[in-house]
Amino acid sequence: MDNKLNEIRRKIRFLRTEMLSAEDNIRKRVNRDENCSDAAVHLMSMRVVMLGLIGERNRLGGEERLLNVDERLKLDVRAVSRKPANGAPARFPAKASPGLDPGWGPVGVKKTRHIKNPEPRSDSNGTEKARGRRER
């Protein structure tokens, strides 16, 4: 039964791509003011086949529940384990969006030294000040 269900899902996936292609073809024809009745009839026949496949899938128990927005946001889509597999090199964590991941932190922040009491320089690169310190 799982093989039959997987075969139906594969057919549905293939038919969806064909339908998207047909819809795109119809849009292009409409924009060029061409007759698209044959493409529209073909699209309608694909929709009939799609409904039959979805009914068969649901009859076999493969009905997929669609989640609403709140349920989709609550899903934990992160990996179960962040440990590298045996023999795999350790990887740096990827940057995440701050709005989606509460544990987000920037990766590779440049740390700079802040001089608390800067001395005035006589020129732009401070060479004279450096010479004066070496002579002391």
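D24 pairs up with K28 in a salt bridge, with 3.5 Å between the closest N and O atoms; the term covers a side-chain nitrogen of Lys or Arg within 4 Å of a carboxyl oxygen of Asp or Glu. Both residues sit in helix α1, 4 residues apart, or about one turn of the helix. Helices here are DSSP runs of H or I with at least four residues, strands are E runs of at least two, and numbering goes from the N terminus. D24 comes out as partly exposed at 36% relative accessibility, and K28 is partly exposed too, at 45%. For these labels, buried means under 20% relative accessible area, exposed means over 50%, and partly exposed is what lies in between, using a 1.4 Å probe and protein chains only.

All of this comes from a predicted model, in which local features need pLDDT of at least 70 and side-chain atom pairs count only at pLDDT 80 or more, while totals for chains, interfaces and linings use all residues. Residues are numbered from 1 along each chain as its sequence is written, and side-chain values use heavy atoms, leaving out hydrogens and water.

A search of the whole structure turns up 6 salt bridges. Another one links R10 to E7, whose closest N and O atoms are 2.4 Å apart. These two are 3 residues apart in helix α1 (residues 2–31), so about one helical turn separates them. R10 is partly exposed, with a relative accessible area of 41%, and E7 is partly exposed at 32%.

The pairing of E23 with R47 reaches across helices. Their side chains meet in a salt bridge at 3.5 Å, N to O. Because E23 lies in helix α1 and R47 in helix α2 (residues 37–59), the pair ties together parts that are 24 residues apart in sequence. E23 has a relative accessible area of 21%, which makes E23 partly exposed, and R47 is partly exposed at 37%.

The packing of those two helices comes next. Two packed helices are described by the angle between their axes and the distance between the axes. For α1 and α2, the angle is about 160° and the axes are 9 Å apart. That makes α1 roughly antiparallel to α2. Axes are lines fitted to C-alpha atoms, for helices over the stretch in contact, and angles run from 0 to 180 degrees between N-to-C directions; under 35 degrees counts as roughly parallel, over 145 as roughly antiparallel, 65 to 115 as roughly perpendicular and the rest as oblique. The residues where α1 contacts α2 divide into 15 nonpolar, no polar and 11 charged.

R57 is buried, with a relative accessible area of 9%. Leaving aside residues up to four places away in sequence, R57 touches L5, I8, R9, I12, G62, E63 and E64, a contact being heavy atoms within 4.5 Å.

Overall, the protein has 4 helices and 0 strands, following the pattern α-α-α-α along the sequence. Buried residues make up 14% of its 136 residues. Of the contacts with a separation of 6 or more, 53% involve residues 24 or more positions apart.

Technical notes:
Nonpolar A, V, L, I, M, F, W, Y, C, P; charged D, E, K, R; others polar.
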